[in-house]
Every structure is written in structure tokens, then in C-alpha cells.
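Open the model in your viewer and keep the selection tool at hand. This tour goes from stop to stop, saying what to select and what is there.

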Amino acid sequence: MNYFDLPKIDLHCHLDGSLRPQTVIDLAAEQNIELPSTDAEVIKEMMVAPETCPNLQEYLDRFALPIKVMQTAEGIERISFELFEDAAKENVKYLEVRFAPHLHIQQGLSHEQIIESAVKGMKRAEALYDIKGNYILSAVKFLPSDTIPPVLDAGEKFLGNGVVAFDLAGSELDNFAHDYVTYTQYARDKGYRITIHAGEQGCGQNVYDAIELLGAERIGHGVAIKDHEQAYQRVKQDVVGLEACPSSNVQTKAIPELKLHPLKEFHKDGLPVTINTDNRTVSNTTMTQEVEKVMELFDLTAEDYAQIYRASVEQCFASDEVKQKLMQYI
Ligand SMILES: [Zn+2]
């Protein structure tokens, strides 16, 4: 099968984990940020996490350098454009990108300017390439929760026009959902759709709570439901989309090795599992590679792929018009 030519959809991709190394070098030069090297290969090495990390922090450390150069409107616009360009060039037809605006205020940008820049870059790529996209605004759990409402307020005017959803990211403690009930309610009241990172490092109960307490319509990763019957059944009954990120799940030890990823069992049992990159640079991957890995390792057929693609269309937060168009590619 030619995986490059297949139409693809990526619903779980972090902006700050998907920068081109050369762009980091260019932006650092423009902003007088000192780098240990101006060799793109050396910079790439600093941004790519090992195939298996000793711990999640080792993986998360790879975001420090990108965040440093993502503090100007032009920089964010460019990075957003390039991510959509890279995806479009490997036949990704729809891409939902997430990022945490609050991490980009270090040089005085407002939340609104940050979101506007990301959306602008995406729209520039949409006009040039056969790709559509939307942004998901993330909150990271290590920041104080009172930083969440200002971000949601700033994103409100972009809802339906480049921004669609709210997400909780960052390292996962057991029972974290209880601390975020009022914030996700606030987001839902404004019209944000909800996806939550859960069941990655943490337990299956976190997935159940994300659905029950936070109103999650999709779950980032969710691999832990394989050991939690109640969460598994809840995902199945409510048709909650599972955003599997195969390479990343191995790197962060969410699963011990790829062949033990439960996504084939999930798929065969009718759960709406999707294939995603998580981070194109930090995980050193593309959608083509993720699809190829999964298809080859689990011996999936063209019909399996079509089902996974259609699940991605059904689970995406795009308008009905865009969804109809996406269905026509397969
Ligand atoms: Zn993620």
C-alpha cells in the first residue's frame, strides 16, 4: 500500500512539538536568542526525544527550545503555516493542531494575538494547499488553573473560525479531572468542544472521569482503558474518539512496545480509534510513518484503514461541510 498517497487526518498534533529545526535557527537569529549550534542536525537532535524515554519529563523537556522562539506573532504565524504545509505535502487533508497560548506570553503578546497568529498561519496554508484545519486551545496542568479562563475568553471570537476546542495537556496525575470541572464547564458554555489527555501515563479511571466530569468528546491517548472495564464501556457507549499516537505512546512509556498497543483490539471491537502524530518533531514522525507503522505491524487491510479514516472524520471538530468533503477522499 502506498501510505504517502493515502488521504490522512491528524486530530492530535501539538504545535510546539512540530517545528522545523531550521525555523528554530532562523527565529532564534531574528530574536537574538543564543543557540548551542546553528547546524540544523544538531538542533534537531535537541528537539527529538529518544525512542523510549526514561520518564515523561525527558520527553517534555524537548519543548523548551521551541517555546523560547515562539514568543512573537510572526514566529507563531510562520510555525503554524509550516506545520500545515508539511502535513499537506504528505496528503493530510485535515489537521487539528493544539497549543497552550499561555506559554507564549513571555514577551508581552496577548492571548488574543497569539491565537490570531496561529489561525492566520493556518489560513495562509489552507489557501495554498488542499488541507483544512482547526485549532484546539490547550491548558497545561502545571500552570495555575486561573490562567485558563482568560485564554478561553480570548479564543471565543475565533470559535467556528479557526478555533474549535479546549484540551487539557501536561503530565497526568490520578484523579486530575476533579480539579477542572468548572473550567471545562466554562469552555462548553462558550461553545468549545472538549478533548482531554487521559489514560496516557495515568489510569483508566482518568478517562472515565474526563468523560463523566469534564464532558470529553474525545480522549488524547486513552490506552489505559484496556485495563479498566468501566472506562472501556463508557468510551464504547458514548462513541468517544480515541486519539492514538503510536510512536509517542512508546516514547513516553504509555505502552512498553508498539506491538502491545491496544489500538487494533479497540478498532476490531468497534471503538472509534484514530491514528495521529502527537508531535512531528519531538516524536520524529509524520502521518505517513504513523499510518505505515500501524498498518504493517497489525496487518490491517485497506478496509480497516477506510474505517479508521471515517472514524477520524466523524470524530473531528470540523463543520459538516468540511466533514462531507473529507468523506469524499476515501
Ligand atoms: Zn498530546
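This is a predicted model: local features need pLDDT of at least 70, side-chain atom pairs count only at pLDDT 80 or more; totals for chains, interfaces and linings use all residues.

His197 sits in strand E5, residues 193-198. At 5% relative accessibility, His197 falls under the 20% limit and so counts as buried. Now show what surrounds His197. Setting aside neighbours within four places in sequence, its contacts include Lys141, Leu168, Ala169, Phe176 and Gly220. His12 and His14 are also among the contacts of His197.

Go to His12 next. The side chains of His12 and His197 make a polar contact of 3.0 Å. His12 belongs to strand E1. Its relative accessibility is 0%, so His12 is buried. Beyond four places in sequence, His12 touches Glu96, Glu243, Cys245, Asn276 and Thr277, among others. Arg98, Gly220 and His221 are also on the contact list of His12.

Stay in strand E1, which covers residues 8-14, and select His14. His14 is buried too, with a relative accessible area of 12%. Leaving out residues up to four places away, His14 touches Val97, Arg98, Ala169, His197, Asp278 and Asn279.

Now display the zinc ion. Which protein atoms are its donors? They are NE2 of His12, NE2 of His14, NE2 of His197 and OD of Asp278, at 2.1 to 2.5 Å from the ion. Along the sequence, the donor residues follow the spacing H-x1-H-x182-H-x80-D. Why is the arrangement irregular? The four donor atoms subtend angles of 82 to 169° around the zinc ion. A tetrahedral site needs all angles between 85 and 135 degrees, so this range does not qualify as tetrahedral.

Compare the site with the record. An unreviewed UniProt entry annotates His12, His14, His197 and Asp278 as "binding site". These residues are spread over 267 residues of sequence, yet they cluster in space, with a largest C-alpha distance of 12.0 Å. From this set, His14, His197 and Asp278 are part of the lining of the largest pocket.

The unreviewed UniProt entry also has a "binding site" annotation that covers His14, Asp16 and Gly170. Select these residues together. They span 157 residues in sequence, but no two of their C-alpha atoms are more than 12.8 Å apart, so they gather at one spot. The lining of the largest pocket takes in His14, Asp16 and Gly170. Pick out Gly170: it is in the loop between strand E4 (163-169) and helix H8 (181-190). Away from its sequence neighbours, up to four places on, Gly170 touches Val140 and Lys141.

Select His221, in strand E6, residues 218-221. Its phi is near 80°, a positive value in a residue other than glycine. Is His221 buried or exposed? At 1% relative accessibility, His221 counts as buried. Then jump to Asn32, in the loop between helix H1 (21-30) and helix H2 (40-47). Asn32 is not a glycine either, yet has a positive phi of about 55°. With 73% relative accessibility, Asn32 counts as exposed.

Finish at Asp304, in helix H14, residues 302-315. Its side chain reaches the backbone nitrogen of Thr301 at 2.9 Å. Asp304 is buried, with a relative accessible area of 7%. Show His267 and Lys268 as well: Asp304 is in contact with both, leaving aside neighbours within four places in sequence.

Note on methods. Residues are numbered from 1 along each chain as its sequence is written. Side-chain values use heavy atoms; hydrogens and water are left out. Helices (H or I, at least four residues) and strands (E, at least two) are DSSP runs, numbered from the N terminus. Buried means under 20% relative accessible area, exposed over 50%, partly exposed in between (1.4 Å probe, protein chains only). Donors are N, O and S atoms within 2.8 Å of the metal (3.2 Å for Na, K and Ca); water is not among the atoms, so sites may look incomplete. Four donors count as tetrahedral if all angles lie between 85 and 135 degrees; four count as square planar and six as octahedral if opposite donors are over 155 degrees apart and all others between 65 and 115; anything else is irregular. A polar contact is a pair of N or O atoms within 3.5 Å; within protein, one must be able to donate a hydrogen and the other to accept it, and residues adjacent in sequence count only if both atoms are side-chain atoms. Contact means heavy atoms within 4.5 Å. UniProt positions are given in the numbering used here, feature names are shortened, and annotations may be inferred rather than shown by experiment. On a 1 Å grid over the protein atoms alone, a cavity is a set of points where a 1.4 Å probe fits but cannot get out, and a pocket is an open set with protein on both sides within 12 Å along at least five of seven lines; lining residues have an atom within 4 Å of a point.
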